[in-house]
Structure formats: structure tokens, C-alpha cells
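Thanks for coming. I have one structure to go through today, and I will keep to what can be read from the coordinates.

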Amino acid sequence: MGQILARSLTSSRLWLAASLLATSLSATSLFASSALAQTGGEGLSPTLSAIKTAHAVRLGYRESSPPFSFLDQSGRPIGYSLELCEAIVEEIGVEVDDPNLRIDYVKVTSDDRIDAVLQNKIDLECGSTTANAERGKRVAFSPLMFVAGTKLMVPKASNVAAITDLKGKTVVVTKGTTNEQAMHAADKKFLLGLNIVTASDHEQSYQMLAEGKADAFATDDILLSGLIARHKAQDKFRVTGDYLSYDPYGIMFKKGEPQLSALVERAFRKLGSNRDLVPLYNKWFTARLPTGERLNVPISPQLEEAFKAMDDSASANN
């Protein structure tokens, strides 16, 4: 498995820029003017009011984004992002005075996840979604939970080692992802003449590569490593190339509701103050997954520092 973050000084700077962008998006959401939010009954924001009425929170999940959001052997949604969302649900229960909120799982894809939030089909999107400035104009994001970057999955026997080795070849990307944008940008920059094709989800993109319908599959490196582990395909495929993008991940939710934004931030800070964020990371990235695979991806020093910044406990300030 390749390491998730580049270790060079340049990569560290890019990582910091991505981290600051995610933090900025979160802060913008948190401190947005309350005039933008239409409050519901009992002084609750629209989303929280609807949750209180329904006694349920709808979590958007992905079927094939291990270890963030995927299905176990019984078809139950599990993953790192879903556990973070469950912590937010607990905080919502406190806010709406209902500790027994039901969780309803709603399947989303990379292509429809933003619309699912905008059209009130889900309350929280718990997948592997990049928090960038473009998306921040439409939706809100939690504090930083991970940083990934676009790389390539190719067959073990392939001679492709970098994006420039794909000149004139076919690359599959998952529709609606930042990776799709990154590949079009690389194609234009390096004059590669790529045949860029799309699939509806990461599993379908993987299958296109496995069936020889594409020469490479481009998406976030951690997702590529997760798919290789999930399919026990370490002897068939490898992850290669320089990072073509840097993507800070966050939990996505409705924009323009400061009360909801503050609640999400509070949930993360509780996890940080209880020292739960690093163990939660290790559960999904270094320990054996419930489905049997092990990614063996230790937390980066940069992400660990970002988690420490979420610690509001007295000992953290001593």
C-alpha cells in the first residue's frame, strides 16, 4: 500500500493549504449570518426541526468507499465517516432533546450526493467527499477528517508510472468526483489526448479496470488502496503516480444553518477532547476491518495535529 500523503516539503505545503481550506469552509459555515437560516419550531433550524418531528436522522452512505463508507458482508453500511456521523447524531439528540433518534440510511453516489443534501433527501452525507471552495458555495462541511489526493491504479504488469505514461490511453473516473476534474486538467496540461470515461461508483470504475476496459483508474489514493484490499487484489493492481490533486474530506450537510454548523463543530471537538479521533482513525485505517482486510495506513503527523487542534480539554491548554 502506498502512503496517503506525500512526504516532501512541497506536498506538506499543499497539504497545509488543503487543511486551511477545509478549516476555512467549516468556519465560514459556522459563523455565517443567522439571517440566512430560517428557524423552525421551538427555535430549531429547519434541518433540526425536521429531525425532531421525524425522530430520525437520515445519513447518506456510499456502497464502495472503504474504509470511509461501505457495506459489510450482511449489506449493512459501516465505516469511518459513518462513525463520525453517529457522533454528530448523538449531539443532535442533545440539541433536539431526543436521545433515541433513529438513524435511516440512504444510499448516495458521487454524482447525486450534493443534490441529496440540497433537496433535503439526507441530513448528513457520510462518505469520502472533498470539501473545496466550489462546493462550499452550495453546502457546508464539518472540520477536517482526512486528506487524500488523486493517484492512479494500474495493473501490476503495466509500464505506467506517471500520468504522462498514459498518453492516448483510456482512464476511468467515477462520475461527479474531483478526480474527474483533476484528470481533465492533467489531460489539458500535458496534452495527453486521454480517453476519459466515467462510471457511476468506485466499484464500477474498479471493475472497468479489472475487465480491461480502461488502462488506469484515477481516484483518491486511499480509496484505491481500500478497493485493492477489499478485492484482495494486491497481486493484480498497484497505486502509482504523483498526486494530481489534494482533497480535504469532510462530512457534508445543509448550508445556511449556523445552529447545525455549530452542532457539528461541537461533536468534533467533543471527540477531540476525549482523545477519540486518533483511536477512531486507527480502527479503520490500521486495524483489521470488519470485512477482514487491513489497510495498514498510519495517521500522518499533519492529520494528527489537525485532530489535536480539536482538543478543548483543560489538559490540552496546560
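Start with the contact between helices α3 and α10, where Y80, E83 and L84 on the α3 side meet L277, L280, Y281, K283, W284 and F285 on the α10 side. By class, the residues of this contact come to 7 nonpolar, no polar and 2 charged. One point before I go on: this is a predicted model.

Two packed helices are described by the angle between their axes and by the distance between those axes. For this pair, α3 covers residues 80–95 and α10 covers residues 277–285, the angle is about 150 degrees, and the axes are 9 Å apart. Angles over 145 degrees count as roughly antiparallel, so α3 and α10 are roughly antiparallel to each other. The crossing of α3 and α10 is right-handed.

Now stay on α10 and look at its contact with another helix, α11, which spans residues 301–308. The axes of α10 and α11 come within 9 Å and cross at roughly 140 degrees. How are α10 and α11 oriented to each other? They are oblique, because an angle of roughly 140 degrees is not over the 145 that roughly antiparallel requires. In this contact, L277, V278 and Y281 of α10 meet L303, E304 and F307 of α11. The classes here are 5 nonpolar, no polar and 1 charged. If you want to select residues on screen, L277 and Y281 are listed in the contact with α3 and again in the contact with α11.

How many disulfides does the structure hold? The count is 1. The partners are C85 and C126, with their sulfur atoms 2.1 Å apart. The torsion about the S-S bond is -110 degrees, and the link of C85 and C126 is left-handed.

Next, two single residues. T47 lies in helix α2, residues 46–54. Its relative accessible area is 8%, and the cut-off for buried is under 20%, so T47 is buried. Leaving out residues up to four places away in sequence, T47 touches D123, K254, E257 and L260.

The second residue is G212, found in the loop between α7 (202–210) and β12 (216–220). G212 has 58% relative accessibility, and therefore counts as exposed. G212 and P155 are 57 residues apart in sequence, with a C-alpha to C-alpha distance of 9.3 Å.

Last, the totals for the protein. There are 11 helices and 15 strands. Of the 318 residues, 54% are buried. Taking contacts with a separation of 6 or more, 77% are between residues 24 or more positions apart.

To recap the helix packing: α3 and α10 are roughly antiparallel, whereas α10 and α11 are oblique. That is what I have; questions are welcome.

Conventions:
Residues numbered from 1 in each chain as written. Predicted model: local features only at pLDDT ≥ 70, side-chain atom pairs only at ≥ 80, totals over all residues. Heavy atoms only, no water. Axes fitted to C-alpha atoms, helices over the stretch in contact; angles between N-to-C directions. Helix = DSSP H or I, 4+ residues; strand = E, 2+ residues; numbered from the N terminus. Parallel < 35°, antiparallel > 145°, perpendicular 65-115°, else oblique. Left-handed = near helix turned anticlockwise from the far one by under 90°. Contact = heavy atoms within 4.5 Å. Nonpolar A, V, L, I, M, F, W, Y, C, P; charged D, E, K, R; others polar. Disulfide = S-S within 2.5 Å. Buried < 20%, exposed > 50% of the residue type's maximum accessible area, 1.4 Å probe, protein only.
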